[in-house]
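Subject: Model handover and notes

Hello,

Here is the structure I promised you. Please open it beside this message and read the notes against it.

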Amino acid sequence: MGWVTRAVFGDRRIALTVGEPPPPGHQVVARYAVVPSVRRARFLLPLGAPRATAAALLAYNALRPPKIRAVRAVLGGLARLGVLDLAPLPTLTVSLPDGVPAAEALLADRLAAGLGGQRVYAACGVRPPDPNHKPTLQLFDGAGRPVGYAKIGWNGATRALVRAEAAALGDLPSVTGVPDHPAAPRLLAATEVADSVIALVEPLPPAVRGVPVDDPPRLPALLAVARRGRPPAPARPLSGSSFLARLAAEADRSAAGTPDGARAVAAVAALADRHAGTAVEFGHWHGDWVPWNLGVHAGRLVAWDWEHSAPDVPLGFDLAHDAFQRALVLRGEPAASAAAAVDAQLDRCGAGLGLDPARRRLVADAYLLEMWLRTWRLADAGAGWNDALHPALLDVVEKRHSG
């Protein structure tokens, strides 16, 4: 719980106590139930507003797995009755020195200023320490209505991701009316507080429902994301593209920081040799297009978590990523099998994106190299290596180029 509270309550004037009164000369500004215990903390639930406490457990419950949904439903019902305020759960007390206003020191109160200045109650999930994870605050009003969702970038890796998502969401309103383009949460504010970067977005629609994990790829939506309402772009050769130049530059930077970076440099050169003359359409991609980042509301697809979104990538990257992550995450397959799933999905669905066999091979090879470079970027920013992808994915890339 410590790493989360340090990110959420980062102002040095804040005092946090569990089961003890605040220090002398401090005023209590917030109280949280620690569920189920300090040692096994999973939630920090706001106390003092039963509807907000209940909403923190019940909001978007339909997006969660059945077992988690059932537990949250029971706890949410108890919270609505005010039972959690009286339950023998550990209580985290947040206090400030007398005379220091909460709006000056508490992140939730600072964010409330961008929500019309209304009183908000923040709930926070707690995960085991992981430099890839970003603490998040769900913000509710006293009636339990969700009013905002904040991501906190607290180290080099997560700060870059939060900035990228804020930039992506800031650009999306111009394409919200594009047919087949998924709806996305609107960016409400992007700010930096001390060493943290925060993106505040509007809440998802309460009635949103997740897509099934076996939902087939939605090709019209992928095309809409790639083209953003514009007509298809003329295909351009990989050779001389800004995309290839970026891969080469990132591989060079990786070689300066890790011994395996030299292998990435060679892999970029091999990609250029193999596909130099292959012409492909370039466009945007969501960057993490997977079933658990997608939902449906009022008959329209909704997509969230745009933190890896970027322009100028070969059309088809989101289709490749969908297959790769389903295999790697949902089925627990190794990187080599996940790469084979990319090939299979592109062969099965790629024609719907205008990808002939040569373009499908380019998309697969380039995507897998892009994924290793993403893995390196996160590691280089302090998140550590993803053991499922390094060095295994680099091994896969090399074998493909030598085959």
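First, the ground rules. This is a predicted model, in which local features need pLDDT of at least 70 and side-chain atom pairs count only at pLDDT 80 or more, while totals for chains, interfaces and linings use all residues. Residues are numbered from 1 along each chain as its sequence is written, and side-chain values use heavy atoms, with hydrogens and water left out.

Helices (H or I, at least four residues) and strands (E, at least two) are DSSP runs, numbered from the N terminus. Two strands pair if DSSP finds at least two bridges between them. Buried means under 20% relative accessible area, exposed means over 50%, and partly exposed lies in between (1.4 Å probe, protein chains only).

Start with S7, residues 146-153. Six of its eight residues are buried, so the rest of the structure largely encloses this strand. S7 pairs with strand S6 (residues 136-140) in the antiparallel sense, over five bridges. Gln138 stands opposite Tyr149 in S7. The hairpin of S6 and S7 has five residues between the strands, and Gly144 there takes a positive phi near 90 degrees. S7 is also joined to strand S9 (residues 196-201) by five bridges, again antiparallel. Here Lys151 faces Ala199 in S9 as its opposite number.

The loop between S6 and S7 also holds Asp141. Is Asp141 buried or exposed? Its relative accessibility is 7%, so Asp141 counts as buried. Arg51 is 90 residues away from Asp141 along the chain, yet their C-alpha atoms are separated by 8.7 Å.

The S10-S14-S15 sheet

Three strands make an open sheet in the order S10-S14-S15, with antiparallel pairing. Strand S10 (209-210) and strand S15 (300-303) are the edge strands, and each pairs on one side only. Strand S14 (residues 294-297) is joined to S15 by four antiparallel bridges. The bridge partner of His297 in S15 is Arg300.

Helix H12

H12 covers residues 335-349. It has 15 residues and reaches 21 Å from first C-alpha to last, close to the 21 Å expected at 1.5 Å a residue. The expected span is 1.5 Å times one less than the number of residues. Its buried residues are Ala335, Ala338, Ala339, Ala341, Val342, Gln345, Leu346 and Cys349. Seen down the axis of H12, these fall within an arc of 155 degrees, so they line one face of the helix. The arc is that of the directions from the helix axis to the C-beta atoms. Turned away from the buried side of H12 are the exposed residues Asp347 and Arg348.

A loop residue: Val38

Val38 sits in the loop between strand S2 (26-35) and strand S3 (43-46). It has 38% relative accessibility, so Val38 counts as partly exposed. Val38 and Thr91 are 53 residues apart in sequence, and 9.1 Å apart in space, C-alpha to C-alpha.

Cavities and a pocket

The search ran on a 1 Å grid over the protein atoms alone: a cavity is a set of points where a 1.4 Å probe fits but cannot get out, a pocket is an open set with protein on both sides within 12 Å along at least five of seven lines, and lining residues have an atom within 4 Å of a point. Grid points are joined across faces, edges and corners, and a volume is the space filled by probe spheres set on the points.

There are three cavities of 30 Å³ or more.

H1 supplies the largest share, four residues.

Best wishes
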